[in-house]
Amino acid sequence: MAREKVITTVPADEVKTHDAALRPKLLKEVIGQRKVAEKLEVAVQASKKLNEPLGHILFDGPPGLGKTTFATVLPNELGTSIQLTSGPALSKPADMLPFLTNLDEGSILFIDEIHRMPRVVEEFIYPAMEDFRIDIVLGEGMSARTISMNLKRFTLIGATTRSGMLSGPMRDRFKMHEHLEFYSVEELAQIVRINAAKLNTPITDGAALELAQRSRGTPRVANSRLYWARSYAAARHDGNITEPIARAALDMAEVDRGGLDKNDRKYLEVLIELYGGGPTGVEALAATINLASDTLSDEIEPYLLREQYITRSPRGRVAMPRAYTALGKLPPKAKPDDKQGTLFE
Ligand SMILES: Nc1ncnc2c1ncn2[C@@H]1O[C@H](COP(=O)(O)OP(=O)(O)OP(=O)(O)O)[C@@H](O)[C@H]1O
Ligand SMILES: [Mg+2]
């Protein structure tokens, strides 16, 4: 995937390798997201009993919450194969052909970042999704003709960080639409303990909790914090991750006690110090921080919004009292006419 991960403490390609190594293989190994997992269990059982392919599924939610994980677990549950591609790699309908012609009966085609697929490709796969058929135009001008080709019955799984950017007709063609939420600290602590065991790294419950608390509600971040603490424990100590070691490792990585990292704090600093706490447009913030505005809205803001460090107003982003406290500043007093507490003097 081309998009750079900025919310982690290790380089993007390294994170990808970690992702693959620690990714759950079966639904029962997936921690949290119980409602989603239970619905998928029902869908898988039904698919097997009725001998029908699973209906098309769309996963949406911020990066690192398990969209690819769910997609790659499903073929294992169904005993079928999966092909993986992504929206930006599909620039024209012909780019879809190798995937569509390689399908096995009941197999899965996973399209990551599906909101970045061009409209022509989208329209090309509508009949594939509805009737397992594609229409191919041969020749040009007067001699052009369309031939229809039948496909094996398959399941399309789409993943997106921006379901709002998906066209209505595309969204409607998915039978299930599952939104992934941020994880609780307990769920993340469980993921950390399981993954430490996979990495043969002893960790205390207190240390797992410390890492979980400082992982922005995100399993991918928890994994990268764990990798860092493991390196720190091996380099500076005997390899065991205890609570003081976890704390020291994260302090050194500049992850604060609330779990915010350098980019989060930079965002809040710019919003408060340069733009007086907002309201400010995301483009202006992105230009000042020198990051793509997509990175801000996809990777940094969802957690800050959820934890009420910031809020969105029609005129832009606004810093909330918690943002001031996180930076060791005194929050300004709310204006008397501001019932929601989003405007500050
Ligand atoms: N529910 C879960 N239980 C255990 N581990 C998980 C879970 N969800 C995610 N993880 C871990 O977090 C890593 C990142 O998750 P994943 O790659 O599925 O995120 P994603 O939503 O596809 O992110 P992106 O939008 O960046 O593609 C996985 O490799 C896995 O190790
Ligand atoms: Mg993914």
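I began at the hairpin of β4 and β5, where six residues lie between the strands and G139 takes a positive phi near 75 degrees. Helices (H or I, at least four residues) and strands (E, at least two) are DSSP runs here, numbered from the N terminus. This is a predicted model: local features need pLDDT of at least 70, side-chain atom pairs count only at pLDDT 80 or more, and totals for chains, interfaces and linings use all residues. Residues are numbered from 1 along each chain as its sequence is written, while chains are lettered from A and ligands numbered from 1 in the order in which they are written.

I stayed with the hairpin. β4 (residues 133–138) and β5 run antiparallel, joined by six bridges; strands pair if DSSP finds at least two bridges between them. I136 stands opposite I147 in β5.

**Whole chain**

I noted 14 helices and nine strands in the protein chain. The C-alpha trace spans about 70 × 50 × 35 Å along its principal axes. Of the 345 residues, 36% are buried. The domain assignment gives domain 1 (33–179), domain 2 (185–252) and domain 3 (262–326); such bounds come from an automatic or database assignment. I read 36 Å between the centres of domain 1 and domain 2, taken over C-alpha atoms.

**Core**

I looked up the largest nonpolar core and found 76 residues. Such a core is a set of buried Ala, Val, Leu, Ile, Met, Phe, Trp, Tyr and Cys residues joined through C-beta atoms within 7 Å. V192, L211 and A229 have the most contacts inside this core. Helix α9 (residues 219–236) gives the largest share, seven residues. Leaving aside neighbours within four places in sequence, I found A229 in contact (C-beta atoms, placed from the backbone, within 7 Å) with L211, I241, I245, A246 and A249.

**Ligand 1**

Which residues are closest to ligand 1? They are P63, G66, K67, T68 and T69, in a shell of 21 residues. A residue is near the ligand if its C-beta atom, placed from the backbone, lies within 6 Å of it. α1 (12–22), α3 (67–78) and α9 each supply at least two shell residues. Domain 1 and domain 2 each give at least three. I sorted the shell into nine nonpolar, eight polar and four charged residues. Ala, Val, Leu, Ile, Met, Phe, Trp, Tyr, Cys and Pro count as nonpolar, Asp, Glu, Lys and Arg as charged, and the others, Gly among them, as polar.

Most residues other than glycine have a negative phi, and most peptide bonds are trans. I listed these exceptions.

- N51 has a positive phi near 55 degrees. N51 sits in the loop between α2 (34–50) and β1 (57–60). N51 is exposed, because 8 other C-beta atoms lie within 10 Å.
- Q308 has a positive phi of about 60 degrees, in the loop between α13 (293–306) and β8 (310–313). With 11 other C-beta atoms within 10 Å, Q308 is therefore exposed.
- G278 and P279 are joined by a cis peptide bond, omega about 0 degrees. P279 lies in the loop between α11 (262–274) and α12 (282–289).

How values were computed: Buried ≥ 20, exposed ≤ 12 C-beta atoms within 10 Å, placed from the backbone. Contact = placed C-beta atoms within 7 Å.
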